Amino acid sequence: MSRCLHWAAQHPQLQAIQKEMHREAEKSCHGSFLWASTMVECLVQPVRSEWEQLQRLKRIPAGIIDFFEDLVIKSGEKRSLSELVLRREMFLILLSAQKSLTLDEFAVFLQFRHSRRQEKARRLRDIRNAVLDLCWPLVSVIDGYVTLYHMNAEEYLLTEEKSGIEERLSVHIKLEDSNATLAIRCLYVLSEEQNSAPGRIAYWIYKNTYPEYRVNAFDVAAQAGAFVDIVSYEYAARYLVYHLTRVTKPSEELLTQVDLFLRNFQFVKWAEYFFNLKGENTSFSELYGNLKSWWSSLPLKSKERLRKSVESFFTIPYRGLSVYYVEENQDKLLQYLCLSRLGAYYTLQIEIDAEYEVRREVANGLGALLGPRNPLTLRAKTALGLCYTARSDFRTALKLYKEISATQKEVLGLERQDYWSTLTSIAFVQFLMANFKEAATTMAELSAGWKSIPGLPTRFLILSNNLIEGYIYEARELLGEAMNLYRVVWNDQTELFGKDNPMALYAQIGMGSIQRKQKEYKQAIENLDHAFQIRTQLWGLENGWVIDPAIQLIISYRENGELDQAMARIELLSQCELLKRDFERKCQVRHLEALVLYDEEELEEQRLISDGAVLKGRDANNRSLLWIRLTLATLLRAVQRDDEVAPLFDEIVTPLTGGLASPQFEHVESPQLWKDAEKALRLVRDRRIDEADQELHQKGLRWVRAEDFWLFEGGPGVDTAWMKGP
């Protein structure tokens, strides 16, 4: 404040009233530089006499909010109705803007009258002077950016209307109204006709799916150059969903614009541009989660109005554009590139059946169009392999990946990223098949191979590899190494995209899993609960990728002695329809329920739960059910029912034939076999896999089915081998 008054003392128009200025400032400004500077700006306005200047000084209210109100009303009294409407519109745009807008961006948002821009003759010629003239003293323009002058200006705009003030003079605004204004202006920008042009969209699809492809350099340059002219597009692309999801009661016009946008080609242009901004697909999952949560909270009539466009997010516009490319008989590649983007979205949303249909269509289509050894065809087949992995058809996936990698090595060599990317998929499948050593060997080859690629591989691929390598380290009890990799991913993603980013959540769940195994339960529960809550918001409870962190959370609560919290989560999951179809996750939840009941000394009820899971049958055996058998054996012995233990391990191991695995499983009921099976299983559960294999080999035995030990793909899937027993 003192610096401001010192500067004012040098001003020739203010020298005569210095004492009065200091006295008024001491009484009214409460140390606020903003009040003092606004006072000075007010006093230097032209006056006819010193007396008039002193009268103006005396009328300045105490406190910055009242000062603003006084200045805004007096300024408004001199304005026409159209100027007052424009002033209010300016404040609506500026109040909730998520960054300082350039004057050009601000001008574009002001140009729209409904979905069309004003004709040029009606647009503001000098936007800088217009905003300073109408919005002083609440707005400033610095280096070509327009913004609210100070947080006090925002506070003033958000205060309640004062009684006795004419409505036309008021600039008080609700934050929701500001967000609604920006949401619809963003939609207007994104939905302009030029953004629906399939040729322009093709530029972005090629850029994101096949960046090394260059058909016509002139067309590419022309499309890119034309795009630069769309002022405000980047702001609209980045912040549309932010503003939209903060509107609780959208107008009919806003609902109409949302519905149209989600169905039309302009959506594809936005999605491809947004992907290019972010450099990864995972952001769409977060965007859709926020959009769906907003939609779910709308009044019933509004919700029904948008149901089809929201529930078909991505599908309608991408399918429609793919059909357009077919019907117009343009670039035959584009229909499949368009569908490959849709397949990537289905992967994020864990829509396994829809993903498989699209991935298969793309792989077959590109194979017919380009040939089976074309790099694009090989990429499409690699993506198809993800579907086999999601369906736990690991042998098919591994065979496909190995065939693809061999062809890529031959056709593309080791200098392209394609071969190394497929190695990542191979390592992941080996991990899921519980071949942890093989997976580690593949990852070692991969880590060494990055050096042969000119430049670095994509950041997203590096982070994905960190997660997979972390899973492998964790399975091999190298917890420190795994934690370091998870933290790299967590730090990178949270710094760029925040803690709710889908890839950050994978890393957070990994960190929680390590912390639980290291008995750092407070940190584990904090991490796992956050991931569970955010995924529930994104996808709802009927989703395996949501249930997985919940299972980790239950284990952590139980091991930390918080049995009530553990049982509350168990009861929540027990209501899921998904568990009726997903037997292995159901086994895990029932196993944990049994352990918690045992901890609470409800032994008989616990035994019935575990026994019921085992009685499911041989064909439904899985890794999680193996650990239930071990738990049940321990509990039966605790109540002197030893004679019921051995049959639990029937059909787990079988004799070798002539030192080799017999071609078919032959069922042999043998108490000794059952004992050997239990001993070997306990070694595997304790992560002493080599000892278990050696034990079986010495006794001429083998596992009946290697598949029984496979993990399942999840978010990540939980291995209940590594947790506290009864």
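## A negative patch on the surface

Let's start on the outside. Four residues, Asp564, Glu600, Glu601 and Glu602, come together as a surface patch of negative charge. Keep in mind that this is a predicted model.

Take Glu601 from that group. You'll find Glu601 in the loop that runs between α32 (583–599) and α33 (603–614). Its relative accessibility is 71%, and because anything over 50% is called exposed, Glu601 counts as exposed.

## Val589, a buried spot in α32

Now step back into helix α32, where Val589 sits. Here the relative accessibility is 2%, so Val589 counts as buried. The cut-off for that label is under 20%.

## Helix α7, mostly covered

Next up is helix α7, which covers residues 103–111. Of its 9 residues, 8 are buried, so the helix is mostly covered. The buried ones are Leu103, Glu105, Phe106, Ala107, Val108, Phe109, Leu110 and Gln111.

## Helix α14, checked by its length

Helix α14 takes in residues 252–263, 12 residues in total. How far apart should its ends be? At 1.5 Å a residue, the helix should span 16 Å, and the C-alpha atoms at its ends are 17 Å apart, which agrees.

As for cover, the buried residues in α14 are Leu254, Leu255, Gln257, Val258, Asp259, Phe261 and Leu262.

Notes. Residues numbered from 1 in each chain as written. Predicted model: local features only at pLDDT ≥ 70, side-chain atom pairs only at ≥ 80, totals over all residues. Heavy atoms only, no water. Patch = residues over 30% accessible without salt bridge, like charges linked within 9 Å, V, L, I, M, F, W, Y side chains within 5 Å. Areas by Shrake-Rupley, 256 points an atom, 1.4 Å probe, with all protein chains shown as cover. Salt bridge = Lys/Arg side-chain N within 4 Å of Asp/Glu carboxyl O. Lys, Arg positive; Asp, Glu negative; His and termini not counted. Charge placed at Lys NZ, Arg CZ, Asp CG, Glu CD. Helix = DSSP H or I, 4+ residues; strand = E, 2+ residues; numbered from the N terminus. Buried < 20%, exposed > 50% of the residue type's maximum accessible area, 1.4 Å probe, protein only. Expected span 1.5 Å × (residues − 1).
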